[in-house]
Amino acid sequence: MPKNKQLVISSFSNDIREATTVMETDIPHINADQILVKNKYVGINALYDRELYRGRVPYIKVTFPYVFGVEAVGEVMAIGKNIKNVSVGDSVSTVKVGTAYQEYQAIDAAEIIKIPEATPEYLTINPTGVSAYLALQNVAELKAGEIIVVSAAAGGLGHIVVQLAKQKGCHVVAICGTEQKEALLTSLNCCNQIINHRKTDVDSFLSTEYANKIDVGFDSVGRHMFDAFLKNLAPLGRLVVSGLATEINEGVFQKVTGPRVYERIYWKGASVRCFMNHLYKDQHPEAREVLFSEYREGNLQVKVDPTPFRGIEAITEASEYLLAGKSCGKVVVTL
Ligand SMILES: NC(=O)c1ccc[n+]([C@@H]2O[C@H](COP(=O)([O-])OP(=O)(O)OC[C@H]3O[C@@H](n4cnc5c(N)ncnc54)[C@H](OP(=O)(O)O)[C@@H]3O)[C@@H](O)[C@H]2O)c1
């Protein structure tokens, strides 16, 4: 009898290996309105996961054992008797906290998205690409011709942000941390400047080349990166906090003593804004459709990290790889 291998949170810890266990359970039964999906690829959101297995995501109640992971693509294995528009063998994408890091999932039919093929690329678009699109549209309010500076630009999220910004006719400054990431960004052919923060001091570079000129700072890193973006915002500039990699990875928010954030931005009428994907659920269908179509038509490149991670057990390794800042494109595990 085949089993369902799962990675579960079994206690809270800062360390994924201490916090999690691999379990085997029966393959779930489905009710009349559900679908059984065999997950083929799962996406790694190591920074979000880290807060989850520390027990620090305020809107999720984690009870042990807790299956985690958000996004998967896979194949429909069985359908409930009320299901009309999905067939066994269809490829689907699922995005739901607490579902992905397992081999099989039972999910309500209303929560699946049919896709042409269950590939790492479709997995990257939904939801990472969707986040990029929604953050630019709703929070950055990016306009044609503006200057945007993007940190972690070669990551899963960042490499979509820079392409969408270029499509809008913006001047794109991409910041990344390795030569491999520089090469990825060059291959996208959409960045006006590519800065490796290990070779160039970002604060001095921006203060020299883009002083008071950043219309949109799109930051997923925090701390020194946030400070450098904030300092150089243009009048009416928007600093989008999309992620806090430095703070989350360190585990403790850095204490700073200094004037409040408005000291830098009041006279410029600039703002600091935070993005949170799940708060824009009503716009997910539109974003998905736009991005799926851009990808199909060859207008959007989707980059998946080439390091092979295979099987439920490899999720911890893939997570540690991302936390070490090594990821180049979206990190995906093949099940
Ligand atoms: N708010 C939301 O709804 C939402 C949705 C999706 C993603 N996010 C956030 O967006 C960011 C990107 O996510 P992703 O999954 O696509 O990851 P990613 O960008 O592929 O990987 C994280 C990258 O952040 C940079 N980084 C800098 N300091 C780091 C540190 N201390 N620890 C780890 N990474 C560090 C590294 O790039 P460099 O070497 O180039 O600096 C690293 O490769 C994350 O912060 C994530 O939490 C937020």
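Okay, Arg223 to start: it's partly exposed, because it has 16 other C-beta atoms within 10 Å. For that label, buried takes 20 or more other C-beta atoms within 10 Å of the residue's own, exposed takes 12 or fewer, partly exposed is in between, and C-beta atoms are placed from the backbone. Arg223 sits in helix H7, residues 223–231, and its phi is near 45°, which is positive in a residue other than glycine. Helices here are DSSP runs of H or I with at least four residues, strands are runs of E with at least two, and both are numbered from the N terminus.

Before I go on, this is a predicted model: local features need pLDDT of at least 70, side-chain atom pairs count only at pLDDT 80 or more, and totals for chains, interfaces and linings use all residues. Numbering goes from 1 along each chain as its sequence is written.

Asn212 also has a positive phi for a residue other than glycine, near 60°. Asn212 is in the loop between helix H6 (202–209) and strand E12 (214–219). It counts as partly exposed because 13 C-beta neighbours fall inside 10 Å.

While we're on the backbone, let's do the cis peptides. One joins Phe64 and Pro65, with omega about -10°, and Pro65 is in the loop between H2 and strand E4 (66–67). Another runs from Asn126 to Pro127, with omega near 25°. Pro127 is in helix H3.

Now, the whole chain. There are 11 helices and 15 strands. The radius of gyration is 20 Å, close to the 20 Å from the globule rule for 335 residues, so the chain is as compact as a globular protein of that length. That radius is over C-alpha atoms, and the rule is 2.2 Å times the number of residues to the power 0.38. If you want a box, the C-alpha atoms fill roughly 65 × 45 × 35 Å along the principal axes. Of the 335 residues in the chain, 45% are buried. And of the contacts between residues at least 6 apart in sequence, 68% join residues at least 24 apart. A contact means two C-beta atoms, placed from the backbone, within 7 Å.

Next, domains. The chain is divided into domain 1 (3–118 + 304–334) and domain 2 (127–278), with bounds from an automatic or database domain assignment. Their centres, over C-alpha atoms, are 29 Å apart. The contact between them uses 14 residues from domain 1 and 15 residues from domain 2. On the domain 1 side, H2 gives the largest share, three residues. That side splits into five nonpolar, five polar and four charged residues. By class, Ala, Val, Leu, Ile, Met, Phe, Trp, Tyr, Cys and Pro are nonpolar, Asp, Glu, Lys and Arg are charged, and the others, Gly among them, are polar.

So what surrounds the ligand? There are 29 residues around it, and the closest are Gly155, Gly156, Gly177, Gly243 and Asn277. A residue is in if its C-beta atom, placed from the backbone, lies within 6 Å of the molecule. The elements giving two or more residues to that shell are helix H2 (46–53), helix H3 (120–140), helix H8 (245–250) and helix H11 (314–323). H8 has the largest share, three residues. By class the shell has 12 nonpolar, 16 polar and one charged. Both domain 1 and domain 2 put in at least three residues each.

On to the packing. In soluble globular proteins, nonpolar side chains tend to be buried together. Here the largest nonpolar core has 97 residues, and Val149, Val150, Val161, Val162, Ala174 and Leu185 touch the most other members. A core is a set of buried Ala, Val, Leu, Ile, Met, Phe, Trp, Tyr and Cys residues joined through C-beta atoms within 7 Å. Take Val162: leaving aside neighbours within four places in sequence, its contacts are Val150, Ala153, Val172, Ala174, Leu185, Leu188, Cys190 and Cys191.

Last one, Thr119. Thr119 is in the loop between strand E8 (112–114) and H3, and it's partly exposed because 18 other C-beta atoms lie within 10 Å. Thr119 and Lys268 are 149 residues apart in sequence and 45 Å apart in space, C-alpha to C-alpha.
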